[in-house]
Amino acid sequence: MESSEGTESARVPGAPASKRAKEGLRSRSRQRWRKGKARASRLIHNMDLHTMTQSLVTLAEDNMAFFSSQGPGETARRLSGVFAGVREQALGLEPVLGRLLGVAHHFDLDAETPANGYRSLVHTARCCLAHLLHKSRYVASNRRSIFFRTSHNLAELEAYLAALTQLRALTYYAQRLLATNRPGRLFFEGEEGLTADFLREYVTLHKGCFYGRCLGFQFTPAIRPFLQTISIGLVSFGEHYKRNETGLGVTASSLFTSGRFAIDPELRGSEFERITQNLDVHFWKAFWNITEIEVLSSLANMASATVRVSRLLSLPPEAFEMPLTADPTLTVTISPPLAHTGPGPVLVRLISYDLREGQDSEELSTLLKCEGQRNLELWPRPQQAPRSRSLVVHFHGGGFVAQTSKSHEPYLKSWAQELGAPIISIDYSLAPEAPFPRALEECFFAYCWAIKHCELLGSTGERICLAGDSAGGNLCFTVSLRAAAYGVRVPDGIMAAYPATMLQSAASPSRLLSLMDPLLPLSVLSKCVSAYAGAEIEDHSDPDQKALGVMGLVRRDTALFLRDLRLGASSWLNSFLELSGRKSQKTSEPMAEPMRRSVSEAALAQPEGPMGTDSLKTLKDFSLRSSSDTSDTPEMSLSAETLGPSKPSDINFLVGPADASEEAEARNEVGTRDSGQGVHAAFPEGFHPRRTSQGATQMPLFSSPIVKNPFMSPLLAPDSMLKTLPPVHIVACALDPMLDDSVMFARRLRGLGQPVTLRVVEDLPHGFLTLAALCRETRQAAELCVERIRLIITPPASPPV
């Protein structure tokens, strides 16, 4: 870090003239460094890979020769060694990057959307090479200067060399994926044993180098100071979390008190790696919820748009009727959420820039949940705006384990202002206390309630849009699929920002980027998915390294409960989406009749398009009741034998035969399929990536059928279900570990002829919506999401008469 002592002396009139002169020279040198770096970045961006590599190798050899001639000193020896390493890794990396880049276009959605994990991995490696190229030029130009900070430059070169080495390992993994996967697929789908071997090998790689001096090098420069602040806060929070067994006493002011992490990047990177590998999901739940501390929440709301209405509502757990889309004279019962904890209220937040008709009604006021002074945001107004023609239903992100609508309220207020429509954000229950399908049940219940009572929310309900980010994007898809399965109104469109569509510990090119992602490491992602799936993870971690959270005792009891739950998973999966909990009153049923098919299984078994086309089968499958029927009408369902077996194995990920054959030829250039050699065969002889010193990550590896359920992993849904989705607009991040989820989901929809758009923003991390006010790039990305929502809620123009 820069020393502040010399800078202060330069400003003090009484400071020695010679010292002020030196500081002036140093200041001008720093300015030249920044300007030179900006020019170099523009120049390097336009370089092709071969030219960049050759330039770096030439500079590395020149610097290596210079420092080798400086005598037997330790610093000169290390500098010579680091440039030798840069030369070796750059030469080894170039051909692999070239091969990946040569086939990456086969995995794009279309020519106008050049994005997938292979491209992102190549881009990240180029960013690292570009930084080393610029640093090598700086060293070559200033190595004889008296102001050349030898130790600082050595530390930075060693950090980026470590990053380049690990990136080279990732490219070999990506090459292995390309040679092993089936044509057209980005996710690793080899043998289960090979999958486990692949992930176990992957998580042993050293990661600390990406969390120290190299933190966020792949993102836009405006993001990096924020990431550094977050990393310091994370490691400081980890220390306080360890010391407080109950998790109490951790405040926002205590997050940034560990100055040693701020001045020692290597220490910070090592501690960051330890935390990501050893602390459980309860730690991440606590850390991600830190933004909801009253002080931080108030500051965020002060910087956001001012709205007339921001009310937290509690929806009572009472069943109600919804008309069927195919025949509005028939209705279906929407039951309250039941999974795991039984019936319970669902919390939702209503946000509206204007006070609209119905939003101050007595009926809505009875649902109001007290939030202290926050309810004062609703002020009486002499005039009310008319009801909006549209309504946005929002599901927040947070890995299914953290955050609420309060965390996402700042950008939702801006949305309400820009869209001119009320927004209702669902505070669904979080895992691991409430695993799948509790969140889905609550979101679907709230969605149906919002449609039925849209006039209370200030909307006529003519246009309904589902919007969500990350885990919320997943819920947008699954709620829409469930609405189609029930036969009720499907939303008019979906806007999903960086959604998760494959909730499995499966490798893909973009998920390899989680090795360096400070916001979504693979181990943390896997822990969140396991918590949402209700999977029990055997804990072999060191008790001295493991932090005990506030739910320590509850976690033990929950783990025992989930173990018993998983023993009956097959039965539970067949019944978790039943339309009604009441037993059939038919006395003619045999006692040994198999369990009835659930809505999800019935949807899987449908060989045709949207459900509800066959009225007789719809009536039998979905407990339908006419609006004139009495409440004691027995429900009707079909047995498993009548419906026939489900065929989830018929899923087709291929875009088309032409693309498949063309890509197969490209894959032959990379290597042949050979699953018997194991993962170690991915590395060439003599190359050894760095391994972590933090012990093996507890990576959950399980083959639970839950994670393959299409209502949990919509990417695995059969064609008949995906055809029921409305127009989908996806906004993804090129450097997001979840990028391949978006690309593959869009490719599947495009292959089915479904309306879908995919926009990929550059140089931004996962979760950019919560960073919308941070810089120009995040604001532009958030505006893109608003634009996509506006396409959905704006009624289509009437044809000319």
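A search of the whole structure, which is a predicted model, turns up 22 aromatic pairs. Here rings of Phe, Tyr and Trp (its six-membered ring) pair if their centres lie within 6.5 Å, with planes under 30 degrees apart counted as stacked, over 60 as edge-to-face and the rest as tilted. Take Phe 107 and Tyr 118: the ring centres are 5.0 Å apart and the planes sit at 50 degrees, so this pair is tilted. Phe 107 belongs to the loop between α4 (74–103) and α5 (117–142), and Tyr 118 to helix α5, so the contact ties together parts eleven residues apart in sequence. Helices (H or I, at least four residues) and strands (E, at least two) are DSSP runs, numbered from the N terminus. Phe 107 is buried at 1% relative accessible area, and Tyr 118 is buried at 0%; buried means under 20% relative accessible area, exposed over 50%, and partly exposed in between (1.4 Å probe, protein chains only).

Phe 436 and Tyr 532 make an edge-to-face pair, since their ring centres are 5.6 Å apart and their planes stand at 75 degrees. This one links distant parts of the chain: Phe 436 is in the loop between β6 (423–427) and α15 (438–452), Tyr 532 is in helix α17 (residues 522–533), and 96 residues separate them. Phe 436 is buried at 1% relative accessibility, and Tyr 532 is also buried, with a value of 1%. Elsewhere, Phe 237, Phe 283, Trp 284, Phe 287 and Trp 288 come together as one aromatic cluster. There is also a charge over a ring (NZ of Lys or CZ of Arg within 6 Å of the ring centre and within 35 degrees of the ring normal): the charged end of Arg 143 sits 4.3 Å from the centre of the Phe 66 ring.

On the charged side, the structure holds 21 salt bridges, each being a side-chain nitrogen of Lys or Arg within 4 Å of a carboxyl oxygen of Asp or Glu. One of them joins Lys 135 and Glu 156, with the closest N and O atoms 3.4 Å apart. That pair links distant parts of the chain, from helix α5 to helix α6 (residues 150–180), 21 residues apart, and both partners are buried. Arg 387 and Glu 357 form another bridge, again with 3.4 Å between the closest N and O atoms. Arg 387 lies in the loop between α13 (362–365) and β5 (388–395) and Glu 357 in the loop between β4 (346–352) and α13, so parts 30 residues apart in sequence are tied together. Arg 387 is partly exposed at 31%, and Glu 357 is partly exposed at 33%. Lys 413 meets Glu 409 at 3.8 Å, N to O; both lie in helix α14 (residues 409–419), four residues apart, about one turn of the helix, and both are buried. Bridges with shared partners also join Arg 463, Arg 489 and Asp 492 into one network.

Cis peptide bonds join Ala 431 to Pro 432, with omega about 0 degrees, and Phe 436 to Pro 437, with omega near 10 degrees. Ser 470, not a glycine, has a positive phi near 60 degrees and is buried at 11%.

As for conventions, residues are numbered from 1 along each chain as its sequence is written, and side-chain values use heavy atoms, leaving out hydrogens and water. In this predicted model, local features need pLDDT of at least 70 and side-chain atom pairs count only at pLDDT 80 or more, while totals for chains, interfaces and linings use all residues.
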